[in-house]
Amino acid sequence: MEPGASPPPPPPPPAAMTSPEEARTIIGAAPQIFRRPLLFVGPKDPMLQVATFLAIGPQIYADGLVVLEGDRLAGRIGGYALARHILDAREGWLDARAEDIMDPLERPVQSGDPVKAALDIFRETKFAFVPVAHGGKVVASLSVRDLLGTVTSGEKAALLGSQVVTGNDDTSVLDSLRLMVERGVRNLVFMERDGPYVLNDRKVLEYLLSHDASERSTRHGFEGFETVRAKALEPVRGVQAAAGATAAEAARLLADISTPCIFIDDNRTVVVVTPWDVVMKTAAAAAAAATTSGSQAR
């Protein structure tokens with residue numbers, strides 16, 4: 001199987017749901033993941049290929065790369081691992097291979113597993129995606145974003161958000177990457193008079209793969225990126241939700257593929273809300289409520 005090619009035909013979308021149990025399975029809750037290409041590389045594939053695939057991943061809702069050795073699952077690669085590698089390896093970051101930064105992983109979730117199995121893996125590993133197998137082969141990748149459609153909570157979205165990590169006019173491309181790795185975020189925010197603007201980690205990666213970045217690195221070394229202002233990468237205007245927006249309303253806004261996060265001005269404090277916030281925090285609240293209800297019933 002060539003790296004990046006689609007695997008054997010995926011399972012068909014499920015028929016109309018006939019029970020709540022079916023709706024709670026991965027194939028029932030996120031059938032769309034079986035209709036898109038699976039982005040994958042082999043362990044020995046060059047970092048250029050890894051970085052290129054990660055940069056284009058969000059365009060098809062893919063949040064990371066699956067690593068396959070033949071048909072066998074070998075691991076997965078997320079954006080955080082690549083960003084950390086870039087900062088550590090500096091000018092030589094493209095000299096490595098997929099296996100140098102992958103998170104080893106041998107067991108995928110199954111298409112018929114309950115969604116909770118994937119949520120547990122997200123929570124335990126802090127990875128926002130997991131490979132999915134059907135018929136003994138990995139055929140898809142499930143991300144937190146893929147589960148936005150399952151969010152029905154009426155909880156205030158602002159309560160799920162977190163403080164924004166901001167940059168300024170002097171923030172460089174390298175500063176941006178460092179802040180993202182140190183603070184564990186994917187979005188750097190620039191507060192302007194007309195609202196927040198967002199620089200996503202994949203936008204930084206796209207720049208580092210550009211001809212301009214290659215020329216700058218050749219002439220000035222890795223330090224050359226200290227003189228490139230992050231704002232030159234054209235952060236996009238952030239999507240703002242009403243102060244009283246619910247988690248379900250936030251999920252609908254975040255379902256837009258071009259919206260990595262949303263902003264809510266809550267009591268004059270702007271918070272950022274991501275797909276992870278909406279999916280994982282409402283799932284945790286629902287699980288806690290179910291546990292409490294069960295204990296009272298006993």
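The following dialogue examines how terms are applied to this predicted model.

Tutor: Residues are numbered from 1 along each chain as its sequence is written, and side-chain values use heavy atoms, with hydrogens and water left out. Because the model is predicted, local features need pLDDT of at least 70 and side-chain atom pairs count only at pLDDT 80 or more, while totals for chains, interfaces and linings use all residues.

Student: Why is Lys126 called exposed?

Tutor: Exposed means over 50% relative accessible area, buried under 20%, and partly exposed in between (1.4 Å probe, protein chains only). Lys126 has 62% relative accessibility, so Lys126 counts as exposed. Lys126 also has a positive phi of about 70° although it is not a glycine. Its place is the loop between helix 6 (115–125) and strand 6 (129–134); helices (H or I, at least four residues) and strands (E, at least two) are DSSP runs, numbered from the N terminus.

Student: What makes Glu234 exposed?

Tutor: The value for Glu234 is 59% relative accessibility, and therefore Glu234 counts as exposed. Glu234, in the loop between helix 9 (211–220) and strand 11 (236–237), has a positive phi of about 60° without being a glycine.

Student: Why is the pair of Arg186 and Asp63 called a salt bridge?

Tutor: A salt bridge is a side-chain nitrogen of Lys or Arg within 4 Å of a carboxyl oxygen of Asp or Glu. The closest N and O atoms of Arg186 and Asp63 are 2.8 Å apart, and the pair forms a salt bridge. Arg186 is partly exposed at 29%, whereas Asp63 is buried at 16%. By this rule the count comes to 18 salt bridges.

Student: How do you know that Asp103 and Arg76 form a salt bridge?

Tutor: Their closest N and O atoms are 3.4 Å apart, which meets the rule. Asp103 lies in strand 4 (residues 103–104) and Arg76 in strand 3 (residues 72–77), 27 residues apart. Asp103 counts as partly exposed at 26% relative accessibility, and Arg76 is buried with a relative accessible area of 1%.

Student: What makes Arg145 a buried residue without a salt bridge?

Tutor: The nearest side chain of opposite charge, Asp63, is 6.0 Å away, and the rule asks for a distance within 4 Å, so Arg145 has no salt bridge. Lys and Arg count as positive and Asp and Glu as negative; His and the chain ends are not counted. The side chain of Arg145 reaches the backbone oxygen of Leu254 at 2.4 Å.

How values were computed
Polar contact = N/O pair within 3.5 Å; in protein donor to acceptor, adjacent residues only side chain to side chain.
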